[in-house]
Amino acid sequence: MDTGNRVTGVSRTAIGVAALRAMESRRPDALFVDPYAEAFVAEAMTSIAEDPAVAAEQLDQAMRLFGLHIVLRTRYYDDYLLRAAAAGCRQVVLLAAGLDTRAFRLDWPDGVRLFELDLPDLLDYKERVLAAQRAVARCARTVLRVDLRDDWPARLVEAGLRQGEPTAWLIEGLLVYLSADEAARLLSAVGDLSAPGSRVACEHRDTASNPLLARARATPEMDEVTSLWKGGLGEDLVPWLGRHGWRVEAVDGAELAEAYGRAGAEVDFIGFLTAVRD
Ligand code: SAM
C-alpha cells in the first residue's frame, strides 16, 4: 500500500493514540476492543515512522504517561456516545476524529449519521488503511477533510448536518492543539449548530497546571508532541460551557479509573465532561 510519508505535524499524534488503543485491545480485561488500531500502527511503522526504533521509544513513553488516560477516555466517550444515541441523538460529529473507529466498532441504533472531521493528510491515510481492512461502518458515515480553524461549520451543514435536530459532539484530544481564540471559536460554533437536546463531551482542566502535561513536557521523547501544544481554551471548560448554554457534568480521572476497575494507577490526569444543551 502506498501511503508515502504524508501524515505530518499534528496529524501524527493520532497514530500514537491508535497505538495505545491497540495495546489496550490486547488485554484480557480490555475496556474496549478496537479491531483496526493494530493495522493503523503496523502501517505507520512501515511507511511513516522515519526511524522505527525511535518511534518505539516514543510510544513507550507515551504509554507510560498517557496510556491510562487514553484508555479511560476512550471507554468514557464510547459510553457517552451510545447513551446520547439512545436518548435520541441521531447525528454524531467527531471533531478531530483522528483514527477513531467508533463508526465501525460501536453498536449504533438505526438511523445514526456520523461525521468525522480532521485534516486531509490524516483522513487520506485512515481511509486507505480502512479500505485495505475492508472495514464496514455500522452507521451512515461521512468523512470531511477540514482544518478546524477554518469555516468547517459551513462544510458540515453542506455535508448534511441538520441544525434543527440534536447532535452528539465529541471533541477528543483536540483543544490542546489550538490557541485560546481558536478553541473558543470552535466551541462557539458547536453551540451555534446545536439544537436543544444536543450533547458534547471533552477533556477539561487548565493545561498549564496539569501535572500529567507538565511531566510530558519534561520528557524529551515527547518533544514531538508537546511542541505542538498551544494551550487550548486557557480556562476551565466547565464554567465556560456553563456560561454558553450547556448543562455540564464533570468527572475526574480517579473517579473514572475506579468506575472502570483501574483504580490504584496514576490518577493525576485531566478530567472529562459531558454537557447537554437545554
Ligand atoms: N480524537 C482522536 C482520538 O482521540 O483518537 C484524535 C486525537 S489526536 C491526539 C489529535 C487530532 O487532532 C489529530 O487527528 C489531528 O489531525 C487533529 N487536529 C489537530 N489540529 C487540527 C485542525 N486544525 N483541524 C483538524 N484536525 C486537527
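**From a buried arginine to the ligand and the cores**

Apart from neighbours within four places in sequence, Arg73 is in contact with Val17, Arg102, Glu172, Gly173, Glu203 and Phe272, contact meaning heavy atoms within 4.5 Å. The model is a predicted one, in which local features need pLDDT of at least 70 and side-chain atom pairs count only at pLDDT 80 or more, whereas totals for chains, interfaces and linings use all residues. Residues are numbered from 1 along each chain as its sequence is written, and side-chain values use heavy atoms, with hydrogens and water left out.

Arg73 belongs to helix 3; helices here are DSSP runs of H or I with at least four residues, strands are runs of E with at least two, and both are numbered from the N terminus. With a relative accessibility of 7%, Arg73 counts as buried. Buried denotes under 20% relative accessible area, exposed over 50%, and partly exposed the range in between, with a 1.4 Å probe and protein chains only.

The side chain of Arg73 also places an N or O atom 2.9 Å from an oxygen atom of the ligand. A nitrogen atom of the ligand lies 2.8 Å from a backbone N or O atom of Glu172. The protein covers 97% of the 590 Å² of accessible area that the ligand has on its own, as computed by the Shrake-Rupley method with a 1.4 Å probe. Helix 1 (residues 13–25) contributes the most to the shell around the ligand, namely four residues.

Glu172 leads on to Asp100, which touches Glu172 as well as Arg21, Leu94, Glu116, Lys126 and Leu170, residues up to four places away in sequence not being counted. Asp100 is situated in the loop between strand 1 (91–95) and helix 4 (102–105), and is buried at a relative accessible area of 2%.

The largest nonpolar core has 65 residues, of which Phe66, Trp108 and Tyr125 touch the most other members. Such a core is a set of buried Ala, Val, Leu, Ile, Met, Phe, Trp, Tyr and Cys residues joined through side-chain atoms within 4.5 Å. Helix 3 (residues 52–86) supplies the largest share of this core, 14 residues. Setting aside neighbours within four places in sequence, Trp108 is in contact with residues including Leu81, Leu82, Ala85, Val92 and Cys139. A second, separate core of 31 residues includes Leu95, Leu144, Leu156 and Leu187.

How values were computed: Polar contact = N/O pair within 3.5 Å; in protein donor to acceptor, adjacent residues only side chain to side chain.
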